[in-house]
Amino acid sequence: MNNFAEMENEKEEQIDRSKDFLKNLCRDLSLTRLKQHSFMDIITQNDVKRKIDTDEESQWISVIFVKGDNLQFIFKTQFVTEDAKHFASKAYGENDDSENVCKRQADEFMKEFCNLMGGGIKEHFEKNGLKTIMSLPLLTRGQDNVFFSPNHSEAYEDIFLDTWELQLEGKSLICEAFVEIYEKDILPTICNEIEFAEDEVEFF
C-alpha cells in the first residue's frame, strides 16, 4: 500500500513538474519570439496585472491552434488596438509614432505574433516525437473570448492553463496558453528541452 501511495505521489509530482515546464516554455517562447522578430529588446514578461473590460469596443483577441492525436494547444493574445499599434510601430520602424500604423497593420502584427508562437510550440512538440497540425491565426472580437476558453470535459484527462503579460513602455498584451492533454502519459515526452531553429523571419 505504501509503495502504491509513493508511486501515485511520484506521478503527481511528475505532472506538476511537467506543467511548470510548459508554463516556462510558453512564457519564454512568447517573449523571445516577439523580441527577435520585432526588434524590441525592452519588452518584459510578467504575471497579469491588467484587466481589459470585456465591453471595451477596441478589444480584440488573436488565436492559434496546434493539435495532435494526444493533445491540443491553444494560444491567444488579448489586446486593445491602441496597444497593438504601439508594439507594431516599433516593429515597422515607426519608433514612437503609432499614429502612422493603421488598424490593419496592427491586426497583421498580432496575427503574425500568434503564428510565430504557434510555430515554436509545433516545433517543440514535433522534436519530441509528436505529429501536429497548426491552424492559421484568427482575429476576432474580445467578446468572443468565451468561445476560446477551456471547459471541463471528459474528453481529456488534464489541462494546463497559464496567463501572463508582455509589456512595452506602459502598453501590454495579455497572453494565454492552454493545453488539453488527452493522455497524461505523454506529458514527460513533450517536456524535454529542445534547441529551436532560429529562422530569419520578420513581421510583414
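This report walks through the fold and the aromatic side chains of a predicted model.

## How to read the model

Local features here need pLDDT of at least 70, side-chain atom pairs count only at pLDDT 80 or more, and totals for chains, interfaces and linings use all residues. Numbering starts from 1 along each chain as its sequence is written, and side-chain values use heavy atoms, leaving out hydrogens and water.

## Overall fold

The protein chain has four helices and seven strands, in the order α-β-β-β-α-α-β-β-β-β-α. These are DSSP runs numbered from the N terminus: helices are H or I with at least four residues, strands E with at least two.

Of the 204 residues, 47% are buried (under 20% relative accessible area, 1.4 Å probe, protein chains only). Among contacts (heavy atoms within 4.5 Å) with a separation of 6 or more, 72% join residues 24 or more positions apart.

## An aromatic cluster

Let's turn to the rings. Ring pairs link F75, F113 and W164 into a cluster. Rings of Phe, Tyr and Trp (its six-membered ring) pair if their centres lie within 6.5 Å; planes under 30 degrees apart are stacked, over 60 edge-to-face, and the rest tilted.

There are two aromatic pairs in the structure.

Because W164 lies in strand β6 (residues 158-168) and F75 in strand β3, the pair ties together parts 89 residues apart in sequence.

Technical notes
Buried < 20%, exposed > 50% of the residue type's maximum accessible area, 1.4 Å probe, protein only.
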